[in-house]
Amino acid sequence: MSKKRKNISRRAFIGGAVATGAVLTQSCAIIPSHVWGRGPNFVSPNDKLNIAVIGAGGRGFDDTKGVASENIVALCDVDQRRAARAFRANPRAKRFTDFRRMLDKETGIDAVIIATPDHTHAVATAAAIHRGLHVYTEKPLTHTIHEARTLRKLAARYNIVSQMGNQGTANDGLRQAVEVVQSGGIGDVTEVHVWTNRPIWPQAIERPGESADAPSTMDWDLWLSVAPERPYHKSYAPFNWRGWKDFGTGALGDMACHTANMAFMALDLHKTYPTSIEARTGERFEETYPEWSVIRYEFPARGKMPALSYYWYDGGK
């Protein structure tokens with residue numbers, strides 16, 4: 001895992017603050033903006049992050065546009081057709097199919113965006129962290145709770161900057177709502193109700209009996225990654241993997257990170273565990289999530305906040 005990397009103080013991955021001090025390295029020096037012949041607000045190439053993207057063809061395409069002011073140095077996707085627009089938008093970026101080869105070969109990377117299907121979030125994020133790279137990982141952060149706890153420990157161990165792609169939490173509206181609740185603006189909260197229109201993909205189905213050849217532009221084995229081997233089928237990729245237990249996290253995992261987080265933050269629910277959980281669902285299937293669910297969580301009191309019942313609804317219920 002060891003490698004030589006530029007020892008350049010760059011802008012913090014999340015905060016955007018410019019690190020102080022000029023550091024000379026074997027390959028590059030920090031050059032003042034006036035040397036470039038630009039004004040005081042000009043950001044030299046030395047002050048930009050070198051960013052790589054894993055999963056550049058899906059959600060990663062929009063994530064990449066969000067950091068277009070930085071240096072996009074490498075793009076990785078197991079499906080070259082889906083990644084074509086990202087390649088066109090970033091012609092100078094090197095192209096990869098296997099993120100492991102990208103991380104090993106591109107030694108000048110500072111930060112990585114991970115926007116793959118859920119089942120590969122943890123393995124790709126861990127690979128970047130082990131190399132000391134800052135990470136932005138799309139939601140949901142991981143496929144399992146164990147993976148999330150493992151990444152938390154790794155981020156602390158390697159002292160990297162990390163963020164999960166939860167766009168709502170990054171907006172002022174959610175934070176203002178948290179402040180209203182915590183100020184007592186609506187009084188004591190004893191019930192919370194949260195719902196989503198998901199799933200908008202097939203669930204409550206059996207594995208398809210027939211198989212087909214993967215598109216010529218896709219490396220199906222790399223797409224499967226850590227998931228058990230199975231033949232390619234359009235029921236899995238590029239979008240419907242969300243309903244399959246081996247690949248996605250269903251409606252709850254896909255959307256609760258957006259819609260449940262305000263109440264969790266405002267009511268300190270992240271500081272405790274529920275004392276009981278009761279779930280009602282549609283018909284259960286071995287490999288896919290139910291068509292609908294209604295889940296009730298009972299949370300104990302948190303300081304001056306009373307105990308509460310937390311209800312989740314999906315699938316039109």
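1. Contact here denotes heavy atoms within 4.5 Å. On that basis, and leaving aside neighbours within four places in sequence, Thr 196 is in contact with Ala 251, Met 255, Trp 312, Tyr 313, Asp 314 and Gly 315. The residue sits in the loop between strand E7 (191–195) and helix H7 (220–224); helices (H or I, at least four residues) and strands (E, at least two) are DSSP runs, numbered from the N terminus. Thr 196 has a relative accessible area of 10% and is therefore buried, the cut-offs being under 20% relative accessible area for buried, over 50% for exposed, and partly exposed in between (1.4 Å probe, protein chains only). Between Thr 196 and Asp 314 there are 5.3 Å in space, C-alpha to C-alpha, although the two are 118 residues apart in sequence.

2. Basis of the values. The model is predicted: local features need pLDDT of at least 70 and side-chain atom pairs count only at pLDDT 80 or more, whereas totals for chains, interfaces and linings use all residues. Residues are numbered from 1 along each chain as its sequence is written, and side-chain values use heavy atoms, with hydrogens and water left out.

3. Overall composition. The protein chain comprises nine helices and 10 strands. Of its 317 residues, 43% count as buried. Among contacts between residues at least 6 apart in sequence, 60% join residues at least 24 apart.

4. Nonpolar cores. A nonpolar core is a set of buried Ala, Val, Leu, Ile, Met, Phe, Trp, Tyr and Cys residues joined through side-chain atoms within 4.5 Å. The largest has 23 residues, and those with the most contacts inside it are Ile 54, Phe 99, Met 102, Leu 103 and Val 112. Two or more residues each come from strand E1 (50–54), strand E2 (71–76), helix H3 (99–105), strand E4 (111–114), helix H4 (121–130) and helix H5 (145–158). H4 gives the most to this core, with six residues. Apart from it lies another core, of 19 residues, which includes Val 194, Ala 256, Ala 263 and Tyr 310.

5. Contacts of Ile 54. Once neighbours within four places in sequence are left aside, Ile 54 is in contact with Cys 76, Phe 99, Met 102, Val 112, Ile 113, Ile 114, Ala 115, Thr 116 and Ala 124.

6. Eight of the 10 residues of H4 are buried, so the helix is largely enclosed by the rest of the structure. The buried residues are His 121, Ala 122, Ala 124, Thr 125, Ala 126, Ala 127, Ala 128 and Ile 129. They pack against E1, H3, E4, strand E5 (134–138) and H5. After H4 comes Gly 132, with a positive phi near 75 degrees.

7. Packing of H4 and H5. The axes of these helices come within 10 Å and cross at roughly 10 degrees; axes are lines fitted to C-alpha atoms, for helices over the stretch in contact, and angles run from 0 to 180 degrees between N-to-C directions. H4 is therefore roughly parallel to H5 (under 35 degrees; over 145 is roughly antiparallel, 65 to 115 roughly perpendicular and the rest oblique). H4 contributes Ala 122, Thr 125, Ala 126, Ile 129 and His 130 to the contact, and H5 contributes Glu 147, Leu 151, Leu 154, Ala 155 and Tyr 158. By class, the contact has seven nonpolar, two polar and one charged residues (Ala, Val, Leu, Ile, Met, Phe, Trp, Tyr, Cys and Pro count as nonpolar, Asp, Glu, Lys and Arg as charged, and the others, Gly among them, as polar).

8. Helix H6. In helix H6 (residues 172–182) the buried residues are Leu 174, Val 178 and Val 181. Seen down the helix axis, they fall within an arc of 65 degrees, so they line one face of H6; the arc is that of the directions from the helix axis to the C-beta atoms. These buried residues pack against helix H9 (261–266). Gly 184 follows H6 and has a positive phi, near 90 degrees.

9. Backbone points for review. The peptide bond from Arg 198 to Pro 199 is cis, with omega near 5 degrees, and Pro 199 lies in the loop between E7 and H7. Another cis peptide bond joins Ala 237 and Pro 238, with omega about 15 degrees; Pro 238 belongs to the loop between H7 and helix H8 (250–259). Ala 204, not a glycine, has a positive phi of about 55 degrees.
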